[in-house]
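Hi,

Here is the structure I promised to send over.

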Amino acid sequence: MAISDPAGAAARLTVDLGAIVENWRRLGRLAPATAIGAAVKADAYGLGAAAVAPALARAGCRDFFVAHLEEGLVLRRLLPHPARIFVLHGVPAMAAAVMRQARLIPILNTPADIAHWQAEARRAGTPLDAGLHVDTGINRLGFPVAEFAALLAEPARLAGIAVRLAMSHLACSDEPAHPLNHLQLERFRGAAEHPALAGVPRSLANSGGLLLGPEFAFDVARPGLALYGVEPRAPGRGMLLPVLGLEADILQLRDVDAPDTVGYGASHPVRGRRRVATVAVGYADGYMRAAGNCGAGLIGATEVPIIGRISMDLMTLDVTDVPIEQCRPGSAVTLIGNGLPLHRVAAAMDTIPYEVMTRLGSRFARHYVGGEA
Ligand SMILES: *Cc1c(COP(=O)(O)O)cnc(C)c1O
């Protein structure tokens with residue numbers, strides 16, 4: 001139930017499309033020979049693929065990655081050909097025709113994916129584009145290295161399939177010193193060197209992979225998080241522009257004193273005279289409950305600690321130290337952005353920025369800025 005007039009809403013999520021485009025360009029400067037694509041699965045990490053993907057396409061991004069067929073179908077309505085939409089989870093048995101008609105490019109992970117796509121190519125009487133996924137060590141999706149080599153050794157097994165991408169995915173790209181990174185790099189090089197893949201573009205790097213070094217970038221990169229303003233391994237270093245802002249207005253103020261407590265479970269005993277502000281953001285909005293009694297907001301330059309538990313629709317903050325003129329019903333509290341970076345908010349919730357972003361729910365009024373062509 002997003003409210004269409006952001007100005008009138010008690011909590012507002014701002015997505016800076018210009019910053020996303022600028023981050024995409026900055027990643028491109030890191031790897032000038034690499035086509036920088038965009039991971040826009042999970043509704044562009046909760047930011048709204050309907051706004052994010054066209055903004056990137058207008059800037060020149062050509063390759064988009066989603067997880068599910070359904071996400072690909074939605075995206076196709078927003079991104080006409082020649083944007084390429086890769087579907088990471090392969091070809092569902094009954095959906096190959098739908099996939100072909102929408103000109104989606106499945107990433108084939110299993111022999112069953114290949115069989116479904118080949119059958120569709122036969123029905124269509126034309127070869128169909130696809131990517132091939134070799135699993136070099138995350139042990140999740142894709143062909144194990146030996147199976148991949150066996151597959152390539154028999155060209156008939158790929159008859160009817162025009163391979164447009166050979167990809168793998170890193171397990172530890174946000175930990176540069178982890179030995180698995182180079183092991184996966186070597187395995188991927190070996191797997192993709194097969195003569196059957198001559199001339200096929202290669203793709204290994206997500207955001208973290210791009211920052212591991214130029215040897216990880218290959219022909220196509222698939223960043224998500226970095227486009228959305230979070231630098232995976234050194235957040236806050238300033239290499240990327242922040243994208244996401246969350247602001248909520250104070251609904252009510254209350255002066256309390258010991259032995260009062262604040263919120264459900266009386267989990268915050270007040271020590272002395274304090275002023276409590278209540279804002280309309282809670283765990284039903286994706287503001288995770290783990291931040292109760294440990295996260296913070298900002299009013300102007302003053303940090304205001306979250307006190308008490310996060311409720312379903314509300315949270316409470318200690319605003320005693322805020323100058324009175326900045327702290328009235330209707331005054332805005334920043335919960336993400338403007339000096340309160342997403343990675344810090346995620347740490348207070350005991351999770352990672354990915355999870356925070358994908359949970360920031362549909363109840364906020366969304367405000368897109370900077371999206372001009
Ligand atoms: C989600 C995903 C990405 C993007 O990862 P980031 O860490 O957000 O850059 C890239 N490739 C695959 C296969 C993914 O699932």
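Which helices each supply at least two residues of the lining of the largest pocket? Keeping in mind that this is a predicted model, the answer is α2 (41-45), α9 (207-212), α10 (342-348) and α11 (353-359).

That pocket has a volume of about 780 Å³. Its lining counts 40 residues, and Lys41, Tyr45, His169, Asn206 and Tyr354 are the ones closest to the centre. Sorted by class, the lining comes out as 22 nonpolar, 12 polar and six charged residues. Both domain 1 (31-228) and domain 2 (244-369) take part, each giving at least three residues to the lining.

Next is the second largest pocket, at about 470 Å³. Here 28 residues form the lining, with Pro242, Val243, Leu244, Gly337 and Asn338 nearest the centre. At least two lining residues come from each of β1 (11-16), β12 (244-256), β19 (332-336) and α10. The top contributor is β12, with four residues.

As for the cysteines, I searched the whole structure and got zero disulfides. Cys172 has 10% relative accessibility, so it counts as buried, the cut-off being under 20%. Cys294 sits at 46% and therefore counts as partly exposed, as exposed would need over 50%.

Cheers

Technical notes
Residues are numbered from 1 along each chain as its sequence is written. This is a predicted model: local features need pLDDT of at least 70, side-chain atom pairs count only at pLDDT 80 or more; totals for chains, interfaces and linings use all residues. Side-chain values use heavy atoms; hydrogens and water are left out. A disulfide is a pair of cysteine sulfur atoms within 2.5 Å. Buried means under 20% relative accessible area, exposed over 50%, partly exposed in between (1.4 Å probe, protein chains only). On a 1 Å grid over the protein atoms alone, a cavity is a set of points where a 1.4 Å probe fits but cannot get out, and a pocket is an open set with protein on both sides within 12 Å along at least five of seven lines; lining residues have an atom within 4 Å of a point. Grid points are joined across faces, edges and corners, and a volume is the space filled by probe spheres set on the points. Ala, Val, Leu, Ile, Met, Phe, Trp, Tyr, Cys and Pro count as nonpolar, Asp, Glu, Lys and Arg as charged, and the others, Gly among them, as polar. Domain bounds come from an automatic or database domain assignment.
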